[in-house]
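Here are some exercises to work through with the model open beside you. Try each task before reading its solution.

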Amino acid sequence: MSVNRSKPSKRQSTVRNVLFSLIALTTGNAQAAVTSTVLDEKAGFQAVTWTNNTVLVSGTHGSAYLSTNNGKQFTKLSLPPDTEALQFRDNQWFRDGSIVLMSAGEGAQSRLYYLAANDEKIQSANWQLVKQGEHEHVFFDCMAFTEQGEGWLYGDSDKQGLYILHTHNSGKDWTRQVMPVTAQASEGGFASSGTCVAAMGDWVAIGTGNSLQPGLLLKQQNQPWQRFAALFEGGEAAGIFSIQLSHNTLYAFGGSLKHQQAAAAFKFDTNKAEWQALPTPALNGAIYGSALYFHSQNDSLPGVVISNPQGVYLLSPGSTRWQNISNSNIWSLACKTGAGCIGVGKSGVVEYYSPESLSAAR
């Protein structure tokens, strides 16, 4: 489902240079650098992925932008002519150069477009529509992939139950999973940031919502799916919005769009199947996007970054307090070890959070 059912809710030949304006933020004795720019004022960006040096951004009005130098410059991608009104709420760039874009919407508005690897000219005719909503009740929410190209897509449940698609070949072919777990009434997900599914190593996890009891769907290797009750508020427009995996720990974020109480943040030990509350976030309603940031390859614990229209906050390892990083309307986040994080959101904004800004509370 969308974040709100009422919805708060080519590659061209020339490269568009992005000039970042510097904003100085002071936290304690540290000066944190955040750079911000607008790529497309008409677009609301809802997804960002950062792989190697490549950043892929997408959102409303059929918008998708690609950077091959860690977000310093972006190119607007040329997409099929019938996609101008779509909301590309999730995306993935693979190391071989292939791309998957996921649009969210009712029925046929939910689509998956695939671009073959190493296509030097990303032209509208080169994209393949590989999956589309089979009936009016289909609504794609989010997807996640392993480095090997195995992936899962989660959508709102229908008469057949939980809606989960699976791919073995980086999103070119998809099949629906037969689930041993029963869907609750009206159960679905939140297409707010493309992060209601996470995949890492042997694990894949899905956070659900819009049901009486939000759940965590968890699968390891060839084991069957399991369902765990989550410590999140249930009901319409409430539940888990965003999840992240790191080793044997899952981080889950969400809340409710129906009130302005504090949002919710927990972590889940996949070995012990136990929940533990994180410090209460300094954001109200629901957390839309999240990411984990490691300052170096040797870090055992990540910094946790969260966002919603009220801003971006960081929880450093060992800290009991969320630190404000930005007050911008940011929906989705992505981080790269040692390089910082990128946030995207309303009015086509792209922000870069430097390692210094993510170290201020350490």
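## Exercise 1: a covered strand

Strand β6, residues 63-67, is mostly covered, with five of its five residues buried; buried means under 20% relative accessible area, exposed over 50% and partly exposed in between (1.4 Å probe, protein chains only). This is a predicted model, in which local features need pLDDT of at least 70 and side-chain atom pairs count only at pLDDT 80 or more, while totals for chains, interfaces and linings use all residues. Residues are numbered from 1 along each chain as its sequence is written, and side-chain values use heavy atoms, with hydrogens and water left out.

**Task.** Work out which residues of β6 lie on each side.

## Exercise 2: partners of β6

**Task.** Find how many bridges join β5 and β6, then do likewise for β6 and β7.

**Solution.** Strands are DSSP runs (E, at least two residues; helices are H or I, at least four), numbered from the N terminus, and two strands pair if DSSP finds at least two bridges between them.

1. β5 (residues 54-59) pairs with β6 in the antiparallel sense over five bridges; V57 has Y65 as its bridge partner in β6.
2. Three residues separate these strands in their hairpin, where H61 takes a positive phi near 55 degrees.
3. β6 and β7 (residues 73-76) are also antiparallel, over two bridges, and L66 stands opposite T75 in β7.
4. This hairpin has five residues between its strands, and N70 in the turn has a positive phi of about 60 degrees.

## Exercise 3: the largest core

**Task.** Which residues of the largest nonpolar core touch the most other members?

**Solution.** A nonpolar core is a set of buried Ala, Val, Leu, Ile, Met, Phe, Trp, Tyr and Cys residues joined through side-chain atoms within 4.5 Å. Among its 17 residues, the answer is F232, L250 and W275. Strands β17, β18, β20, β21 and β22 each supply at least two residues of this core.
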